[in-house]
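Hi everyone, thanks for making the time. Let me put today's structure up on the screen, and then I'll walk you through it.

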Amino acid sequence: MKKITRIAGFAASLFALPVFAQDVPALTSPTGEKLPPLELLSPDSVKLDAKETEALRLAAKWKGNQDKPRTGPDGSVVYLFGATLPTLVCSPLEVCTIMLQPGEVVSDKVHAGDKARWKISPGTMGSPDGEVTLVIVKPTDAGLETNLTIPTNRRVYSIKLVSTQKQWMPFLSFDYPDEMDRLWAEYRDKRAKTTYNNTMPTGQNLASLDFGFKLGGDSPSWKPVRVYTDGAKTYIQFSSSSFGGDAPALVALGNDGGLFSSPSKKLVNYRAIGDRYVVDKVLDKAALIQGVGSEQTEVTITREGK
(Lines give C-alpha, C1' and ligand atoms only; values in the text may rest on other atoms or scores of the structure.)
Protein backbone atom coordinates (compact mmCIF):
# COMPACT_ATOMS: atom_id res chain seq x y z
CA MET A 1 0.00 0.00 0.00
CA LYS A 2 2.86 2.39 0.84
CA LYS A 3 4.45 1.56 -2.55
CA ILE A 4 1.28 2.57 -4.43
CA THR A 5 1.11 5.83 -2.48
CA ARG A 6 4.71 6.70 -3.37
CA ILE A 7 4.07 6.09 -7.09
CA ALA A 8 0.94 8.25 -7.02
CA GLY A 9 2.89 11.05 -5.35
CA PHE A 10 5.59 10.81 -8.04
CA ALA A 11 3.01 11.08 -10.81
CA ALA A 12 1.41 14.09 -9.14
CA SER A 13 4.77 15.79 -8.95
CA LEU A 14 5.09 15.53 -12.76
CA PHE A 15 1.94 17.61 -13.29
CA ALA A 16 3.25 20.25 -10.91
CA LEU A 17 6.40 20.82 -13.00
CA PRO A 18 7.22 24.39 -14.12
CA VAL A 19 6.74 25.31 -17.80
CA PHE A 20 10.39 25.66 -18.85
CA ALA A 21 12.92 22.91 -18.57
CA GLN A 22 15.54 25.01 -16.80
CA ASP A 23 13.02 25.64 -13.97
CA VAL A 24 12.32 21.91 -13.43
CA PRO A 25 13.82 20.65 -10.14
CA ALA A 26 15.56 17.33 -9.84
CA LEU A 27 13.15 14.43 -9.38
CA THR A 28 13.44 11.41 -7.12
CA SER A 29 12.39 7.91 -8.09
CA PRO A 30 10.34 5.66 -5.77
CA THR A 31 13.58 3.92 -4.79
CA GLY A 32 15.22 7.23 -3.82
CA GLU A 33 17.37 7.76 -6.96
CA LYS A 34 17.76 11.30 -8.35
CA LEU A 35 16.40 11.66 -11.90
CA PRO A 36 17.33 14.36 -14.47
CA PRO A 37 14.75 17.13 -15.11
CA LEU A 38 12.12 16.38 -17.74
CA GLU A 39 11.96 18.75 -20.75
CA LEU A 40 8.23 19.14 -21.28
CA LEU A 41 8.64 22.15 -23.63
CA SER A 42 11.48 23.57 -25.73
CA PRO A 43 13.77 25.89 -23.78
CA ASP A 44 12.87 29.58 -23.99
CA SER A 45 16.30 30.50 -25.36
CA VAL A 46 18.81 28.90 -27.70
CA LYS A 47 22.48 29.66 -27.53
CA LEU A 48 23.62 31.26 -30.79
CA ASP A 49 27.16 31.25 -32.14
CA ALA A 50 29.00 34.37 -33.35
CA LYS A 51 27.88 33.96 -36.96
CA GLU A 52 24.21 33.62 -36.03
CA THR A 53 24.42 36.57 -33.65
CA GLU A 54 25.93 38.75 -36.39
CA ALA A 55 23.21 37.68 -38.84
CA LEU A 56 20.54 38.71 -36.33
CA ARG A 57 22.28 42.04 -35.78
CA LEU A 58 22.29 42.76 -39.50
CA ALA A 59 18.62 41.78 -39.83
CA ALA A 60 17.70 44.01 -36.89
CA LYS A 61 19.67 46.88 -38.42
CA TRP A 62 17.76 46.50 -41.70
CA LYS A 63 14.38 46.26 -39.96
CA GLY A 64 15.18 49.31 -37.85
CA ASN A 65 16.57 51.41 -40.70
CA GLN A 66 14.94 54.84 -40.46
CA ASP A 67 14.52 55.25 -44.22
CA LYS A 68 11.17 57.01 -44.28
CA PRO A 69 8.43 56.46 -46.89
CA ARG A 70 7.02 59.19 -49.10
CA THR A 71 3.55 60.01 -50.44
CA GLY A 72 2.82 58.74 -53.95
CA PRO A 73 0.78 60.65 -56.57
CA ASP A 74 -2.15 58.29 -55.89
CA GLY A 75 -2.00 58.91 -52.12
CA SER A 76 -0.24 55.64 -51.34
CA VAL A 77 2.56 55.30 -48.79
CA VAL A 78 5.65 54.55 -50.91
CA TYR A 79 8.65 52.69 -49.51
CA LEU A 80 11.99 52.29 -51.29
CA PHE A 81 12.15 48.55 -51.91
CA GLY A 82 14.97 46.87 -50.01
CA ALA A 83 15.89 49.92 -47.90
CA THR A 84 14.08 48.82 -44.75
CA LEU A 85 11.25 46.61 -43.47
CA PRO A 86 8.01 48.29 -44.63
CA THR A 87 5.08 48.38 -42.24
CA LEU A 88 1.41 48.23 -43.21
CA VAL A 89 -0.92 49.55 -40.48
CA CYS A 90 -4.50 48.29 -40.75
CA SER A 91 -7.76 48.41 -38.79
CA PRO A 92 -10.42 45.69 -38.41
CA LEU A 93 -13.12 47.83 -40.03
CA GLU A 94 -11.00 48.97 -43.00
CA VAL A 95 -9.33 47.35 -46.02
CA CYS A 96 -5.63 47.91 -46.75
CA THR A 97 -4.15 47.38 -50.22
CA ILE A 98 -0.58 46.54 -51.27
CA MET A 99 0.11 47.52 -54.90
CA LEU A 100 2.84 45.66 -56.77
CA GLN A 101 4.80 46.92 -59.78
CA PRO A 102 2.81 47.01 -63.06
CA GLY A 103 3.21 43.68 -64.85
CA GLU A 104 4.44 41.94 -61.67
CA VAL A 105 2.52 38.82 -60.66
CA VAL A 106 2.50 36.64 -57.55
CA SER A 107 4.35 33.44 -58.45
CA ASP A 108 3.23 31.47 -55.38
CA LYS A 109 0.71 31.87 -52.57
CA VAL A 110 1.40 34.64 -50.06
CA HIS A 111 2.53 33.61 -46.59
CA ALA A 112 1.34 35.31 -43.39
CA GLY A 113 2.65 34.53 -39.92
CA ASP A 114 -0.89 34.70 -38.50
CA LYS A 115 -3.25 33.43 -41.19
CA ALA A 116 -6.08 32.88 -38.71
CA ARG A 117 -6.52 36.54 -37.77
CA TRP A 118 -5.32 38.23 -40.98
CA LYS A 119 -7.35 37.86 -44.16
CA ILE A 120 -5.20 38.10 -47.31
CA SER A 121 -6.84 38.05 -50.76
CA PRO A 122 -5.74 38.90 -54.35
CA GLY A 123 -6.98 41.61 -56.71
CA THR A 124 -6.03 43.33 -59.97
CA MET A 125 -6.48 46.70 -61.64
CA GLY A 126 -5.68 48.25 -65.02
CA SER A 127 -5.47 46.92 -68.59
CA PRO A 128 -3.85 43.56 -69.40
CA ASP A 129 -0.73 45.30 -70.79
CA GLY A 130 -0.01 47.17 -67.55
CA GLU A 131 -2.07 45.18 -65.06
CA VAL A 132 -1.29 45.82 -61.40
CA THR A 133 -1.57 43.00 -58.87
CA LEU A 134 -3.18 43.99 -55.57
CA VAL A 135 -2.81 42.21 -52.24
CA ILE A 136 -5.85 43.00 -50.05
CA VAL A 137 -5.18 42.86 -46.29
CA LYS A 138 -7.75 42.93 -43.48
CA PRO A 139 -7.20 42.08 -39.79
CA THR A 140 -9.97 40.55 -37.68
CA ASP A 141 -8.92 42.35 -34.50
CA ALA A 142 -6.84 45.26 -33.21
CA GLY A 143 -3.53 44.89 -31.41
CA LEU A 144 -2.22 42.24 -33.81
CA GLU A 145 1.30 42.05 -35.22
CA THR A 146 2.74 39.59 -37.75
CA ASN A 147 4.62 39.56 -41.04
CA LEU A 148 3.72 38.87 -44.67
CA THR A 149 5.86 37.39 -47.45
CA ILE A 150 4.85 37.89 -51.10
CA PRO A 151 6.90 35.99 -53.75
CA THR A 152 6.56 37.35 -57.29
CA ASN A 153 8.11 36.80 -60.70
CA ARG A 154 10.52 39.71 -59.99
CA ARG A 155 11.31 39.81 -56.26
CA VAL A 156 10.23 38.76 -52.76
CA TYR A 157 8.43 41.23 -50.47
CA SER A 158 8.66 41.05 -46.68
CA ILE A 159 6.15 43.35 -44.96
CA LYS A 160 5.33 43.88 -41.29
CA LEU A 161 1.59 43.92 -40.50
CA VAL A 162 0.21 45.86 -37.53
CA SER A 163 -3.44 46.41 -36.57
CA THR A 164 -4.89 49.23 -34.49
CA GLN A 165 -8.44 50.13 -33.54
CA LYS A 166 -8.85 53.13 -35.88
CA GLN A 167 -5.58 54.09 -37.61
CA TRP A 168 -4.90 52.52 -41.01
CA MET A 169 -3.13 52.98 -44.37
CA PRO A 170 -5.32 52.66 -47.51
CA PHE A 171 -2.49 51.92 -49.96
CA LEU A 172 1.12 50.72 -49.77
CA SER A 173 3.41 50.73 -52.81
CA PHE A 174 7.12 50.81 -53.65
CA ASP A 175 9.88 52.62 -55.49
CA TYR A 176 12.30 50.21 -57.15
CA PRO A 177 16.05 51.00 -57.37
CA ASP A 178 16.51 48.46 -60.18
CA GLU A 179 13.71 50.14 -62.16
CA MET A 180 15.41 53.52 -61.76
CA ASP A 181 18.70 52.01 -62.93
CA ARG A 182 16.91 50.54 -65.95
CA LEU A 183 15.34 53.89 -66.86
CA TRP A 184 18.71 55.64 -66.61
CA ALA A 185 20.33 52.89 -68.70
CA GLU A 186 17.61 53.33 -71.35
CA TYR A 187 18.19 57.09 -71.28
CA ARG A 188 21.96 56.68 -71.75
CA ASP A 189 21.41 54.11 -74.51
CA LYS A 190 19.00 56.41 -76.32
CA ARG A 191 21.44 59.31 -76.06
CA ALA A 192 24.25 57.13 -77.38
CA LYS A 193 22.15 55.98 -80.35
CA THR A 194 21.10 59.56 -81.11
CA THR A 195 24.72 60.70 -80.98
CA TYR A 196 25.81 57.81 -83.21
CA ASN A 197 23.05 58.40 -85.76
CA ASN A 198 23.81 62.13 -85.87
CA THR A 199 27.58 61.92 -86.02
CA MET A 200 29.65 61.74 -89.19
CA PRO A 201 32.64 59.35 -89.33
CA THR A 202 34.76 62.48 -88.93
CA GLY A 203 33.11 63.17 -85.56
CA GLN A 204 31.02 66.08 -86.85
CA ASN A 205 27.45 66.47 -85.61
CA LEU A 206 24.91 66.38 -88.44
CA ALA A 207 22.80 69.04 -86.73
CA SER A 208 25.58 71.59 -87.12
CA LEU A 209 26.20 70.88 -90.84
CA ASP A 210 24.64 72.42 -93.95
CA PHE A 211 24.04 69.98 -96.81
CA GLY A 212 22.39 72.59 -99.06
CA PHE A 213 24.51 71.93 -102.18
CA LYS A 214 23.31 70.82 -105.63
CA LEU A 215 25.41 68.72 -107.98
CA GLY A 216 25.17 69.16 -111.78
CA GLY A 217 27.04 68.50 -115.00
CA ASP A 218 28.35 65.02 -115.78
CA SER A 219 27.85 61.84 -113.78
CA PRO A 220 31.16 59.99 -113.63
CA SER A 221 31.71 57.04 -111.30
CA TRP A 222 33.57 59.29 -108.88
CA LYS A 223 30.74 61.85 -108.60
CA PRO A 224 30.54 63.07 -104.97
CA VAL A 225 28.00 61.41 -102.72
CA ARG A 226 27.53 64.59 -100.67
CA VAL A 227 28.82 68.13 -100.23
CA TYR A 228 28.38 70.00 -96.95
CA THR A 229 29.77 72.87 -94.89
CA ASP A 230 30.19 73.56 -91.17
CA GLY A 231 30.16 77.32 -91.80
CA ALA A 232 33.95 77.58 -92.02
CA LYS A 233 34.99 74.76 -94.36
CA THR A 234 33.46 72.91 -97.29
CA TYR A 235 33.64 69.11 -97.42
CA ILE A 236 33.27 67.16 -100.69
CA GLN A 237 32.81 63.46 -99.98
CA PHE A 238 33.32 60.71 -102.59
CA SER A 239 32.31 57.06 -102.49
CA SER A 240 35.99 56.15 -102.10
CA SER A 241 39.43 57.69 -102.31
CA SER A 242 40.07 55.93 -105.65
CA PHE A 243 38.95 57.75 -108.80
CA GLY A 244 39.86 55.16 -111.46
CA GLY A 245 42.52 57.48 -112.84
CA ASP A 246 43.69 61.00 -112.07
CA ALA A 247 41.93 62.70 -109.20
CA PRO A 248 39.66 65.54 -110.34
CA ALA A 249 40.85 69.10 -109.82
CA LEU A 250 38.67 71.52 -107.86
CA VAL A 251 38.11 75.06 -109.18
CA ALA A 252 35.92 77.90 -108.01
CA LEU A 253 33.50 79.28 -110.60
CA GLY A 254 32.87 82.99 -111.05
CA ASN A 255 29.52 84.65 -111.45
CA ASP A 256 30.34 85.76 -115.02
CA GLY A 257 29.70 83.84 -118.22
CA GLY A 258 26.55 83.54 -120.25
CA LEU A 259 24.84 81.58 -122.98
CA PHE A 260 27.92 81.48 -125.17
CA SER A 261 30.71 81.61 -122.61
CA SER A 262 31.67 79.62 -119.56
CA PRO A 263 32.18 81.20 -116.13
CA SER A 264 35.72 82.00 -115.13
CA LYS A 265 37.60 79.35 -113.21
CA LYS A 266 40.01 79.80 -110.35
CA LEU A 267 42.03 77.09 -108.65
CA VAL A 268 41.06 76.44 -105.03
CA ASN A 269 43.38 75.27 -102.30
CA TYR A 270 42.10 72.04 -100.77
CA ARG A 271 43.35 68.95 -98.98
CA ALA A 272 42.49 65.37 -99.82
CA ILE A 273 41.76 63.54 -96.54
CA GLY A 274 40.60 59.98 -97.04
CA ASP A 275 37.47 60.06 -99.22
CA ARG A 276 36.99 63.83 -98.85
CA TYR A 277 38.26 67.10 -100.25
CA VAL A 278 38.45 69.72 -97.48
CA VAL A 279 38.35 73.37 -98.54
CA ASP A 280 39.20 76.08 -95.99
CA LYS A 281 36.27 78.28 -96.98
CA VAL A 282 32.59 78.01 -97.90
CA LEU A 283 32.16 77.45 -101.64
CA ASP A 284 29.24 79.02 -103.47
CA LYS A 285 29.97 77.75 -106.99
CA ALA A 286 32.68 75.25 -107.93
CA ALA A 287 33.48 72.45 -110.35
CA LEU A 288 35.39 69.18 -110.24
CA ILE A 289 37.26 68.66 -113.51
CA GLN A 290 39.02 65.50 -114.74
CA GLY A 291 40.82 65.19 -118.08
CA VAL A 292 41.28 67.72 -120.90
CA GLY A 293 39.69 68.64 -124.20
CA SER A 294 36.88 66.48 -125.48
CA GLU A 295 37.64 63.84 -122.82
CA GLN A 296 37.09 66.30 -120.04
CA THR A 297 34.54 65.45 -117.34
CA GLU A 298 33.05 68.17 -115.19
CA VAL A 299 30.78 68.01 -112.13
CA THR A 300 29.40 71.35 -110.91
CA ILE A 301 28.67 72.23 -107.25
CA THR A 302 26.21 75.01 -106.41
CA ARG A 303 25.29 76.13 -102.90
CA GLU A 304 21.55 76.63 -102.50
CA GLY A 305 19.79 79.01 -100.13
CA LYS A 306 22.99 80.83 -99.22
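The accessible surface of the protein chain comes to about 19800 Å² (Shrake-Rupley method, 1.4 Å probe), and carbon and sulfur atoms account for 56% of that. Please keep in mind that this is a predicted model, where local features need pLDDT of at least 70, side-chain atom pairs count only at pLDDT 80 or more, and totals for chains, interfaces and linings use all residues. Residues are numbered from 1 along each chain as its sequence is written, and side-chain values use heavy atoms, with hydrogens and water left out.

Of the 306 residues in the chain, 29% count as buried, meaning under 20% relative accessible area with a 1.4 Å probe, protein chains only. There are 3 helices and 21 strands, taken as DSSP runs: H or I of at least four residues for helices, E of at least two for strands. If we take contacts (heavy atoms within 4.5 Å) between residues at least 6 apart in sequence, 55% join residues at least 24 apart.

Now, have a look at strand E16, residues 249–253. How many of its residues are buried? In E16, 4 of the 5 are. Strands pair here if DSSP finds at least two bridges between them. E16 runs antiparallel to E20, residues 285–290, with 4 bridges, and Val251 sits opposite Ala287 there. E16 also pairs with E17, residues 265–267, in the antiparallel sense over 3 bridges; in that pairing, Leu253 stands opposite Lys265.

Finally, a helix: the N-terminal end of H2, residues 50–63, is capped by Asp49, with a side-chain oxygen 3.2 Å from the backbone nitrogen of Lys51.

Terms used. Buried < 20%, exposed > 50% of the residue type's maximum accessible area, 1.4 Å probe, protein only. Expected span 1.5 Å × (residues − 1). Polar contact = N/O pair within 3.5 Å; in protein donor to acceptor, adjacent residues only side chain to side chain.
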